[in-house]
Amino acid sequence: MVNTIKYNKFLDVDIRAGTVIKADINTSLKRPSIVLLIDFGSEIGIKKCSAQITANYNLEDITNKQIAAVVNFKPKQIGNLLSEVLVLGFPDDKEEPVLISPDKKIKNGAKLF
């Protein structure tokens, strides 16, 4: 059964499109991750994120890719990095993240509705 929420709770979560402009491997964590620099346009700017996506993405695949992320959560310390946004995805058949990406290029910072 799916828990229901009121629509205004959904509106509290700010999900935006952004383009990955730089990606680096972070091997200092227990599970390797990719540190992403994501451009969300002039209103939000460039934000940093640590994502455990190495099973489905390499640095070349993810660079210049548009993705969806929550931009209004409080920053979270992940190892030696302060992650400023939460990238969104669905699990593949091995429970590894597959990032949500628009199927057409859209403006960085566009808000999900």
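**Pockets, sheet and core**

Modeller: By class, the residues lining the second largest pocket divide into 11 nonpolar, 1 polar and 2 charged. Please keep in mind that this is a predicted model.

Biologist: What makes up the lining of the second largest pocket, and which residues are closest to its centre?

Modeller: The second largest pocket holds about 200 Å³ of space, and of the 14 residues that line it, Ile15, Ala17, Ala68, Ile106 and Leu112 are the closest to its centre. Strand 1 and strand 4 are the elements that give two or more residues to this lining, and the largest share, 3 residues, comes from strand 1.

Biologist: How do you know which residues count as lining the largest pocket?

Modeller: A lining residue must have an atom within 4 Å of a point of the pocket, and 18 residues line the largest pocket, with Cys49, Ser50, Val85, Leu86 and Val87 lying nearest its centre. The volume of this pocket is about 270 Å³. Strand 3, strand 5 (76–78), strand 7 and strand 9 (97–99) each give two or more residues to the lining, and strand 3 supplies the largest share, 3 residues. By class, the lining of the largest pocket has 11 nonpolar, 4 polar and 3 charged residues.

Biologist: Why are strand 4 and strand 7 called paired?

Modeller: Two strands pair if there are at least two bridges between them. Strand 4 (residues 66–70) is joined to strand 7 by 2 bridges, so the pair meets that requirement, and the two strands run antiparallel. Within strand 7, Leu86 is the bridge partner of Val70.

Biologist: What makes strand 3 and strand 7 edge strands?

Modeller: The open sheet is formed by 5 strands in the order 3-2-1-4-7, with antiparallel pairing. Strand 3 (46–51) and strand 7 (86–87) are its edge strands, each pairing on one side only.

Biologist: Which residues of the largest nonpolar core touch the most other members?

Modeller: Core members have to be buried, that is under 20% relative accessible area, and joined through side-chain atoms within 4.5 Å. Of the 18 residues in the largest core, Leu36, Ile38, Ile53, Ile62 and Val87 touch the most other members. Strand 1 (15–26), strand 2 (33–39), strand 3 and strand 4 each give two or more residues to this core, and strand 2 gives the most, with 3 residues.

Biologist: What does Ile38 touch, leaving out residues up to four places away in sequence?

Modeller: The contacts of Ile38 include Val20, Ile46, Cys49, Ile67, Val85 and Val87.

Notes. Residues numbered from 1 in each chain as written. Predicted model: local features only at pLDDT ≥ 70, side-chain atom pairs only at ≥ 80, totals over all residues. Heavy atoms only, no water. Helix = DSSP H or I, 4+ residues; strand = E, 2+ residues; numbered from the N terminus. Buried < 20%, exposed > 50% of the residue type's maximum accessible area, 1.4 Å probe, protein only. Contact = heavy atoms within 4.5 Å. 1 Å grid on protein atoms, 1.4 Å probe; cavity = no way out; pocket = protein on both sides within 12 Å on 5 of 7 lines; lining within 4 Å. Points joined across faces, edges and corners; volume = space filled by probe spheres on them. Nonpolar A, V, L, I, M, F, W, Y, C, P; charged D, E, K, R; others polar.
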